[in-house]
Amino acid sequence: MTPTTPGSKPIKFLDLFAGCGGLSLGLKLAGLELVAAVEKSDMAAETHFRNFHLRGEWGAKQQALWEELKGGSFVEQLRHETVVGDIWALLEDSSAMEELKQLSPEVIVGGPPCQGFSMAGRRNPHDKRNQLPWAFLDMVEALDPKAVVIENV
């Protein structure tokens, strides 16, 4: 059974700190609709883009599209469902945030890195990554989804 909202539309989700797309894949297999993925790492974002938006061969044309996309504005990237960049910069981009609001994600998921404060990490209080869960929560506050899933990675 595919989860739907009233009117039989699939539930839409936004994946923050998306990596290569583990959470995206699980939610898509459960019947939800990915509106966009946000990932800072070029390599991980490219893998997500290949896995979810260019199902098929990867050649010169697809590579050119990727190069153009990752060099474009956040709004252009959102229109291709893959944002490559810093979440703080995305939050400060009013045009991109308006575009995200128009996409109306009902669920926000993500796994902000925890290496800076994890018991398995160095527990460095000055590690900038320690602030990323707050960026996640700022996005939740800005978009007001119906549900939130945050994973400690």
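**View 1. Alanine 135 sits in helix H7, which covers residues 132-143.** This is a predicted model, as are all the views here. With a relative accessible area of 0%, alanine 135 is buried, because anything under 20% gets that label. What does alanine 135 touch, once residues up to four places away in sequence are set aside? Its contacts are Ile87, Trp88 and Leu91. Look for aspartate 86 too: along the chain, aspartate 86 and alanine 135 are 49 residues apart, yet their C-alpha atoms are 9.9 Å apart in space.

**View 2. Here helix H6 (residues 94-103) packs on H7.** The angle between the two is about 60°, and their axes lie 10 Å apart. As for handedness, H6 passes H7 in a right-handed crossing.

**View 3. Zoom in on the residues where H6 and H7 meet.** From H6 come Met97, Leu100 and Lys101, and from H7 come Met139, Ala142 and Leu143. Sorted by class, this contact has five nonpolar residues, one charged residue and no polar ones.

View 4. Is glutamate 99 buried or exposed? Its relative accessibility is 19%, and the cut-off for buried is under 20%, so glutamate 99 counts as buried. Leaving out residues up to four places away in sequence, glutamate 99 touches Val75, Leu78 and Arg79.

Definitions and conventions. Residues are numbered from 1 along each chain as its sequence is written. This is a predicted model: local features need pLDDT of at least 70, side-chain atom pairs count only at pLDDT 80 or more; totals for chains, interfaces and linings use all residues. Side-chain values use heavy atoms; hydrogens and water are left out. Helices (H or I, at least four residues) and strands (E, at least two) are DSSP runs, numbered from the N terminus. Buried means under 20% relative accessible area, exposed over 50%, partly exposed in between (1.4 Å probe, protein chains only). Contact means heavy atoms within 4.5 Å. Axes are lines fitted to C-alpha atoms, for helices over the stretch in contact, and angles run from 0 to 180 degrees between N-to-C directions. A crossing is left-handed if the near helix is turned anticlockwise from the far one by less than a right angle, and right-handed if clockwise. Ala, Val, Leu, Ile, Met, Phe, Trp, Tyr, Cys and Pro count as nonpolar, Asp, Glu, Lys and Arg as charged, and the others, Gly among them, as polar.
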